Amino acid sequence: MALINVAAKEIHGKIVYYGPGLCGKTTNLQVIHGRIPQNGRSDLLSIATETERTLFFDFLPLDLGKVHGFTIRFHLYTVPGQILYERTRVAVLNGADGVVFVADAQRDRLADNLQSLRELAHNLTNQGKRLTEFPMVMQYNKMDLPTALPTPVLDRYLNTIKVPRFEAVAVQGRGVFETLRAISKLVVNKL
Amino acid sequence: MFDHLDPDLTSMVVGAEESEAISACLDRLMVDTGASYIMLLDRAGQVLSWKGDAPRPEMTHLGALLAGSYASSREMARLLKEDNFRVLVQEGARERVFTETVEDRWLLVVVFDHQAHLGLVKVLAKRATQSLSGVLHVVIERNHDRRSRITGELRRAAVDTIDLIFSQDDRATESRSTDKKQWP
């Protein structure tokens, strides 16, 4: 739930990057962090395992500056993608104002994407959100790989509720900001 | 406690009057406990109010981590068939962190050193959460009366700002000025 602090003139929103393991959630945040001007950059906080897999979450505060005197801040989180951390994902998803579902476009990851998407729908419903109204966008990542499924196929299997979706190659920065812009606007429009 | 909370309520406005009440409550707790920092967070880890002299980025990161710890312990409670773990205590060589939930919506966080007694902090924090609970009730009631949280003008300006900041998107990055808020 977004927080609007009238006295401090601040608007805070929480955006969570969700998706199966190794789909590129952390990469999205690393690219965003890398492109924030140094004078306004906060640290990217990562709670990872020894093998650099996300253990709890990555966290990046994003300051969009002042609008009509109000400072707008988004807090970007990733969830750990591995099956083992299902309850941790529930914890991180708590209080989210918007979700980016990062799908791994490779053919052999389709089942993992579907499982993760079903879990997301279940968790959001349990938190009292209405899926059709909740701000969500989808990112098809790794579209440069020869094993990537074509967008219409991914649409048919993954985007049945027809949310805005973007093709991406996060590791090269492609599609990362297009996705962020779309989810940010959806969140602001819900305030 | 807040079963009547509208699931469509996507944002919560904390008005100036309620902010003052929160601030006064935290000030009192700061003096009474001799704490180093006190924070009030929402469940998502966003800082509603804080006292102490830590720089802002540190507070933001602390807020995210504390909310994560609390959310994690709530899931643990669920698995152990507990109602909830209302209180978290983290103890270091120099500092201790005491976190208590305010009606499962907000988190009161007290950071204190070994000169303050944990028992005293517990008692005073409990009293403070009762006061804050009253403020939270007012905030929720007032939010129910609001049809829109922000004006259309502010919303449009925010959307325009997002477009402006991310307008370059994935195109060339070399010519960008780092002084402007136009990142990609």
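## Lining of the largest cavity

In this predicted model, H2(B) provides the largest share of the lining of the largest cavity, namely four residues. Two helices, H2 (86-93) of chain A and H2 (56-79) of chain B, each supply at least two residues of that lining. The residues concerned are A:Lys14, A:Phe57, A:Tyr77, A:Ala91 and A:Val92 from chain A, together with B:Arg43, B:Ala44, B:Ala64, B:Ala67, B:Gly68 and B:Ala71 from chain B. By class, eight of the lining residues are nonpolar, one is polar and two are charged.

The volume of the largest cavity is about 60 Å³. The count of cavities of 30 Å³ or more comes to two.

## Nonpolar cores

The largest nonpolar core comprises 40 residues, and A:Ile32, A:Phe74, A:Leu76 and A:Leu180 have the most contacts inside it. At least two residues of this core come from each of S1, S2, helix H1 (25-35), S4, S5, strand S6 (98-104) and H5 of chain A, and likewise from H4 of chain B. The greatest contribution is that of H5(A), with seven residues. Apart from this core lies another, of 30 residues, which includes A:Tyr18, A:Phe101, A:Leu154 and A:Val163.

When residues up to four places away in sequence are not counted, A:Phe74 touches A:Gly13, A:Ile15, A:Leu60, A:Pro61, A:Leu62, A:Leu64, A:Ser184, A:Val187 and A:Val188, as well as B:Ile162 of the other chain.

## Helix H4 of chain B

B:Ile162 is also one of the buried residues of H4(B); the others are B:Leu154, B:Arg155, B:Ala157, B:Ala158, B:Val159, B:Thr161 and B:Ile165. Elements of chain A take part in covering these buried residues, including strand S2 (10-18), strand S4 (54-67), strand S5 (70-78) and helix H5 (176-190).

Helix H4 of chain B spans residues 152-165, 14 residues in total. From its first C-alpha to its last it reaches 20 Å, close to the 20 Å expected at 1.5 Å a residue.

B:Gln46 is situated in the loop between strand S2 (37-42) and strand S3 (47-51) of chain B. Its relative accessible area is 0%, and B:Gln46 is therefore buried. Leaving aside neighbours within four places in sequence, B:Gln46 contacts A:Met1, A:Leu3, A:His12, A:Gly13, A:Lys14, A:His75 and A:Asp97 in chain A, and B:Leu40 and B:Leu41 in chain B.

B:Asp42 belongs to strand S2 of chain B. With a relative accessible area of 7%, B:Asp42 is likewise buried. Beyond neighbours within four places in sequence, the contacts of B:Asp42 are A:Met1, A:Leu3, B:Leu48, B:Arg105 and B:Trp106. The C-alpha atom of B:Asp42 is separated by 6.1 Å from that of B:Leu107, although the two residues are 65 residues apart along the chain.

A:Lys9 is not a glycine, yet its phi is positive, at about 55°. A:Lys9 occupies the loop between strand S1 (2-5) and S2 of chain A. Its relative accessibility is 38%, so A:Lys9 counts as partly exposed.

In chain B, the residue B:Lys81, also other than glycine, has a positive phi near 60°. This residue is found in the loop between H2 and strand S4 (87-91) of chain B. B:Lys81 counts as exposed because its relative accessibility is 74%.

How values were computed: Residues are numbered from 1 along each chain as its sequence is written. Chains are lettered from A and ligands numbered from 1 in the order in which they are written. This is a predicted model: local features need pLDDT of at least 70, side-chain atom pairs count only at pLDDT 80 or more; totals for chains, interfaces and linings use all residues. Side-chain values use heavy atoms; hydrogens and water are left out. On a 1 Å grid over the protein atoms alone, a cavity is a set of points where a 1.4 Å probe fits but cannot get out, and a pocket is an open set with protein on both sides within 12 Å along at least five of seven lines; lining residues have an atom within 4 Å of a point. Grid points are joined across faces, edges and corners, and a volume is the space filled by probe spheres set on the points. Ala, Val, Leu, Ile, Met, Phe, Trp, Tyr, Cys and Pro count as nonpolar, Asp, Glu, Lys and Arg as charged, and the others, Gly among them, as polar. The expected span of a helix is 1.5 Å times one less than its number of residues. Buried means under 20% relative accessible area, exposed over 50%, partly exposed in between (1.4 Å probe, protein chains only). Contact means heavy atoms within 4.5 Å. A nonpolar core is a set of buried Ala, Val, Leu, Ile, Met, Phe, Trp, Tyr and Cys residues joined through side-chain atoms within 4.5 Å.
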